[in-house]
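Here is a short report for a first look. Keep the sequence and the 3D view open as you read.

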Amino acid sequence: MREGLKKERGFTLVELAIVLVIIGILLAGILKGQEMIKQAKVKRIKADIDAIVAACYAYQDKYGYWPGDNPNGTGSGFYNCGNAGTGNCADGYINKGSEYEGAWKELYGSELLNGNPHLSGEYNLAKHHPWGGKYLFRFGNNNGKYGMYIRVEDVPYDVAKQLDEKYDDGVYNSGSIETNHDYNTPGNRNMYWYAF
């Protein structure tokens, strides 16, 4: 019986150390990979905003109006605020529900952004960001700032803070990037990008 016990052998400290080092390397790689994915999503939000703003300016240069505020439409037949009866057509702003929807239809219909102009309803037309929320055209007053902006819905608070710090002043209620709440507590935020 003693001979049987002598033949059985456990792991040496060196073998255990090697296994722990391998596990540590794998965990570090996984965590680094997750951080890289998160940073790619953060960069995509900025890239999406830039693409939407560039498309709006290109539309304005081509047709003389903001998308959704064009009384003539683009000839694409997807939206014409003059026919929509908005009451504020061609006033120089995208500033009413039907114009918000019309802006997406016109940007897609004029092929300045990829999307389906045949859908109905702003929430069906609006693009999604990587965390599942939407980009929406808005006009109004936030934190004392008044004007046309893009609202980015349901952004994690740490991502909103990072974007604000990188591309603006890092203060939630000032500058060209604002949110509906400070960055001190967890939860999602709505971001207001005054890019026009």
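Is C56 buried or exposed? C56 is buried, with a relative accessible area of 0%. Buried means under 20% relative accessible area, exposed over 50%, and partly exposed in between, with a 1.4 Å probe and protein chains only.

## Ground rules

This is a predicted model, in which local features need pLDDT of at least 70, side-chain atom pairs count only at pLDDT 80 or more, and totals for chains, interfaces and linings use all residues. Residues are numbered from 1 along each chain as its sequence is written, and side-chain values use heavy atoms, with hydrogens and water left out.

## The disulfide

A search of the whole structure turns up one disulfide, meaning a pair of cysteine sulfur atoms within 2.5 Å. The bond links C81 and C89, with an S to S distance of 1.9 Å. The link of C81 and C89 is right-handed, with 60 degrees about the S-S bond.

How do the two ends sit? C81 counts as buried, at 1% relative accessibility. C89 is partly exposed, with a relative accessible area of 25%. C56 takes part in no disulfide, and the nearest cysteine sulfur, that of C81, is 14 Å away.

## The sheet

Four strands form an open sheet in the order β1-β2-β4-β3, and the pairing is antiparallel. Strands (E, at least two residues) and helices (H or I, at least four) are DSSP runs, numbered from the N terminus. Two strands pair if DSSP finds at least two bridges between them. β1 and β3 stand at the edges, each with a single partner strand, so one side of each has no neighbour in the sheet. Neighbouring strands of this sheet are turned by 40 degrees against each other on average, direction ignored. Axes are lines fitted to C-alpha atoms, for helices over the stretch in contact, and angles run from 0 to 180 degrees between N-to-C directions.

Now take the pairs in turn. Eight bridges join β1 to β2 (residues 145-156). Here F137 stands opposite I150 in β2, and N142 stands opposite K145 in β2. β1 and β2 form a hairpin with two residues between them. In that turn, N143 has a positive phi of about 50 degrees. Five bridges join β2 to β4, where I150 stands opposite W193 in β4. Three bridges join β3 to β4, and E178 stands opposite Y192 in β4.

## Covered strands

Which strands are covered? Strand β1 (residues 135-142) is mostly covered, with seven of its eight residues buried. Five of the six residues of β4 are buried, so β4 is largely enclosed by the rest of the structure.

## Helix α6

α6 lies across β2, β3 and β4, and runs at about 135 degrees to β2. The buried residues of α6 (residues 157-167) are V159, A160, L163 and D164. Seen down the axis of α6, these buried residues fall within an arc of 135 degrees, so they line one face of the helix. The arc is that of the directions from the helix axis to the C-beta atoms. What covers them includes α2 (13-63), β2, β3 (177-179) and β4 (188-193).

## A buried histidine

H129 sits in the loop between α5 (122-125) and β1. H129 is buried, with a relative accessible area of 3%. Not counting residues up to four places away in sequence, H129 touches I45, K134, Y135, V152, E153, D154 and V155. Contact means heavy atoms within 4.5 Å.
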